Amino acid sequence: MYRIENFEVEIKELNRKRIVRVYLPNDYDKNLNKHYKVMYMHDGHNLFYKETSAYGGIWDIQSAMNKSEANGNDGVIVVGIDCNSENIEGRLNEYSPWVNNNLKELTPGMGIYNAGGEGKLYGEFYVNSLIPFIDNKYRTLKTKENTFIAGSSMGGFISLYIGYKYPEVFSVIGAFSTAIWFSKENLMKFIKENYKKGLRVYLDSGTKETSDESVIAFNDIYVDDTKELESLLLNLGQDKKDIKVVIEEGANHSEDSWRRRFPEFLEWVLKE
């Protein structure tokens, strides 16, 4: 039977603490000589439990993993890190290395003027603190080929940044409904300057996405930005087999949408 362990860690790089939630596969306690691939995910509070979810919906990672394992795939350890939930700016601060000073115009309904800027330190926490801690605590496969990073919205944004910042650590980036708009010019420029062939990249979007109900254009922004990032990667030399793009008709910006698409992403990750 799978287990989900919850514990607190210190993010020394940002002088704060955070809950980490770790899914351990069904056979983790049966075969003590077996080591596992690891998927690191953001917004950990939305992955497993409705009780901790910010909006009541969850990815239901454990069900997807159970089905995958039942179909004969090796289990994967999933490490979910809660976001900074002190206020809306807190999450945005950690999930972008760049400050956006134009939020009042881009997302007037959000009620904030600027956010971002802590993503570089957050990425350093991942690579220098969290991953070594997980490798020491659990039976992980420690090579980059067995280490993945994924998230949605701003979690997809920071996954792309961290993945391309540390291509020696990760082999797969899962970017669901990525809020590329938050700092599009900076993110695209960063990926272009730090592109490394070999990283496998999953991108997706629904056609009814929004980050602010008062901005009708968001429906097109998410889809168009996702397709533009796909084009950039292909132009940079990305092998077609190493990129997967899903546009889901009618899907909105929610855990329900990401729960539906996660199993397909997982199958793609594990097929090699």
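**Sheet, core and aromatic contacts in a predicted model**

Arg260 is partly exposed, with a relative accessible area of 44% (buried means under 20% relative accessible area, exposed over 50%, and partly exposed in between, with a 1.4 Å probe and protein chains only). The model is predicted: local features need pLDDT of at least 70 and side-chain atom pairs count only at pLDDT 80 or more, whereas totals for chains, interfaces and linings use all residues. Residues are numbered from 1 along each chain as its sequence is written, and side-chain values use heavy atoms, with hydrogens and water left out.

Arg260 belongs to helix H8 (helices, H or I of at least four residues, and strands, E of at least two, are DSSP runs numbered from the N terminus). Beyond its neighbours within four places in sequence, Arg260 is in contact with Glu248 and Ala251, contact being defined as heavy atoms within 4.5 Å. Between Arg260 and Lys241 there are 22 Å in space, C-alpha to C-alpha, and 19 residues in sequence.

Eight strands form an open sheet with mixed pairing, in the order E1-E2-E4-E3-E7-E8-E9-E10; two strands pair if DSSP finds at least two bridges between them. Strand E1 (3-11) and strand E10 (243-252) stand at the edges with a single partner strand each, so one side of each is left without a neighbour in the sheet. On average, neighbouring strands of this sheet are turned by 20° against each other, direction ignored.

Strand E9 (residues 200-208) is paired in the parallel sense with E10 over 7 bridges, and Ser205 stands opposite Ile247 in E10. Strand E8 (residues 172-176) also runs parallel to E9, joined to it by 5 bridges, with Ala175 opposite Leu203 in E9. Of the 9 residues of E9, 8 are buried, so this strand is largely enclosed by the rest of the structure. Helix H7 (residues 218-235) lies across E9 and E10 and runs at about 155° to E9; axes are lines fitted to C-alpha atoms, for helices over the stretch in contact, and angles run from 0 to 180 degrees between N-to-C directions.

The largest nonpolar core has 62 residues, and Tyr126, Leu160, Tyr164 and Phe170 have the most contacts inside it. Such a core is a set of buried Ala, Val, Leu, Ile, Met, Phe, Trp, Tyr and Cys residues joined through side-chain atoms within 4.5 Å. Apart from it lies another core of 25 residues, including Ile4, Val78, Ala150 and Val269.

The structure holds 28 aromatic pairs. Rings of Phe, Tyr and Trp (its six-membered ring) pair if their centres lie within 6.5 Å; planes under 30 degrees apart count as stacked, over 60 as edge-to-face and the rest as tilted. Trp59 and Phe262 form an edge-to-face pair, at 6.0 Å centre to centre and 80° between the planes. This pair links distant parts of the chain, 203 residues apart: Trp59 lies in the loop between strand E3 (37-42) and helix H1 (61-70), and Phe262 in helix H8 (residues 255-270). Both Trp59 and Phe262 are buried.

Ring pairs also join Trp98, Phe157, Tyr161, Trp181, Phe182, Phe190, Phe218 and Tyr222 into a cluster. Thr107, in the loop between helix H3 (103-106) and strand E6 (115-116), is buried with a relative accessible area of 0%. Not counting residues up to four places away in sequence, Thr107 touches Trp181, Asp212 and Phe218.
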